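Here is a short report on one protein model. Look it over first, then read on.

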Amino acid sequence: RNELNADKIILSGGEASIHPNFVDLIRFSRDAGYSRIQTVTNGVMLSKREFYDQAVEAGLGEITYSIHGHTAELHDRLTGTPGAFRKLVKGMMRALREGRVIVN
């Protein structure tokens, strides 16, 4: 981090939130000195209240949600996951309402 003079880390690629140590990686990044920690996500894991709270408390400060269609039907068809759009919107709306993280 210091050699790159970086202050931001982005956890992405595939679906980072399904990694069993996702919350630990956020905490590790914060402890390593990153002041800005972001993830790019399909939103399914972060729609779970407990998981979302743990990630934010560990230091997650920005969430970029990957939306693949303007309707639930299209999004779910393109992702191949029935109910994915509903979960994404549920978690995204919570994050927006609470205002604890930046939402993209």
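Which residues have the most contacts inside the largest nonpolar core?

## The core

They are Phe22, Ile26, Leu46, Tyr52, Ala55, Leu60 and Ile63, in a core of 22 residues. A nonpolar core is a set of buried Ala, Val, Leu, Ile, Met, Phe, Trp, Tyr and Cys residues joined through side-chain atoms within 4.5 Å. Buried means under 20% relative accessible area, with a 1.4 Å probe and protein chains only.

H1, helix H2 (49-58), E3 and H4 each supply at least two residues of this core. H2 gives the most, with five residues. Helices (H or I, at least four residues) and strands (E, at least two) are DSSP runs, numbered from the N terminus.

## About the model

This is a predicted model: local features need pLDDT of at least 70, side-chain atom pairs count only at pLDDT 80 or more, and totals for chains, interfaces and linings use all residues. Residues are numbered from 1 along each chain as its sequence is written, and side-chain values use heavy atoms, leaving out hydrogens and water.

## The sheet

Four strands form an open, parallel sheet in the order E1-E2-E3-E4. Two strands pair if DSSP finds at least two bridges between them. Strands E1 (8-11) and E4 (102-103) stand at the edges with a single partner strand each, so one side of each lacks a neighbour in the sheet. Four bridges join E1 to E2 (residues 36-41). Lys8 stands opposite Arg36 in E2.

## A contact list

Phe22 touches Leu11, Ala16, Ser17, Thr39, Phe51 and Ala55, not counting residues up to four places away in sequence. Contact means heavy atoms within 4.5 Å.

Terms used
Buried means under 20% relative accessible area, exposed over 50%, partly exposed in between (1.4 Å probe, protein chains only).
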